[in-house]
Amino acid sequence: MGFPQPGEPGVPEIPGRPGVPGQPPTQPPGEPGREPGAVPGTRVWLNPHDDFQDRLYERLLEKRIVMAAGLLDDAAATRLSAQFLALDAEGDGPIRLELQNLRADLPAALAVMGVLDVVQAPVHAYASGETHGAALGVLAACPRRLAYPNASFAMSEPRLEFGGTVTAVTERQRQSERMVDSLYYRIAEATGREADEVREDSRRGRTLSTAEAIGYGLVQSRAGSRDE
């Protein structure tokens, strides 16, 4: 005599896997109640700081403050020149130029220097970090020059690379020499020194602290607090 089996008359079914009496049911992969293969929903949060830098620069421009940091190449020189010209057209108030660890390609520096020569609004330069090489020409082109206590100024010969035919290289070399002379003459004019002295200091790679730059004539004073 055998034992009664589930499914026989009078014997209740045991909940379990369909077709396999007595076995526990299996749950499809994924979360409970989700169909197999369903992908969980993803919530995307917007970063509120995505346009923070752009909005910050816009606010600075409204206060007639221009930032110049890092490498001043042709593209950066174009943007910087456009900002100067726009602010000059909007009013006669002083423009504050913040130089932060600025270094520059020689052609780009000369382009900005040319714009500073025609801007009628006075430009007050504030140097922080290290102002290097040809970027000193941008600083020298400003009628008012101040430096933060931790600033330094690295004088160096500009580096230029060019190639081509012998005739093209020779002409390019002459043009480069004129560009370098323009840089040294501008620094010499601002500092009250001879261009040959500026050239020699650049060849030696002379570096000035804020106090030394004041004595050299490159900057006129330290940047003080708002109360001062």
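Modeller: Let me start with phenylalanine 84, which, leaving aside its neighbours within four places in sequence, is in contact (heavy atoms within 4.5 Å) with Val66, Ile95, Leu97, Val112, Val115, Leu116, Val119 and Val123.

Biologist: What kind of model is this?
Modeller: This is a predicted model, in which local features need pLDDT of at least 70 and side-chain atom pairs count only at pLDDT 80 or more, while totals for chains, interfaces and linings use all residues. Residues are numbered from 1 along each chain as its sequence is written, and side-chain values use heavy atoms, with hydrogens and water left out.

Biologist: Which residues have the most contacts inside the largest nonpolar core?
Modeller: They are Leu72, Phe84, Leu97 and Phe153, in a core of 50 residues. A nonpolar core is a set of buried Ala, Val, Leu, Ile, Met, Phe, Trp, Tyr and Cys residues joined through side-chain atoms within 4.5 Å, where buried means under 20% relative accessible area, exposed means over 50%, and partly exposed lies in between (1.4 Å probe, protein chains only). Helix 3 gives the most to this core, with seven residues.

Biologist: Which residues of helix 3 are buried?
Modeller: Leu106, Ala108, Ala109, Val112, Met113, Val115 and Leu116 are the buried ones. Helices here are DSSP runs of H or I with at least four residues, and strands are runs of E with at least two, both numbered from the N terminus. In general, an α-helix has 3.6 residues a turn, so residues three or four places apart point the same way.

Biologist: New topic: is threonine 210 buried or exposed?
Modeller: Threonine 210 counts as buried because its relative accessibility is 2%, and it is found in helix 7, residues 210-216.

Biologist: What does its side chain reach at 2.8 Å?
Modeller: The side chain of threonine 210 reaches the backbone oxygen of tyrosine 148 at that distance, and it also reaches the backbone oxygen of proline 149, at 3.5 Å.

Biologist: And which residue has a positive phi of about 65°?
Modeller: That is arginine 64, although it is not a glycine; arginine 64 lies in the loop between helix 1 (52-62) and strand 1 (65-72). Asparagine 101, which is not a glycine either, has a positive phi of about 50°, and it is found in strand 2, residues 95-104.

Biologist: How accessible are arginine 64 and asparagine 101?
Modeller: Arginine 64 counts as buried at 15% relative accessibility, whereas asparagine 101 is partly exposed, with a relative accessible area of 46%.

How values were computed. A polar contact is a pair of N or O atoms within 3.5 Å; within protein, one must be able to donate a hydrogen and the other to accept it, and residues adjacent in sequence count only if both atoms are side-chain atoms.
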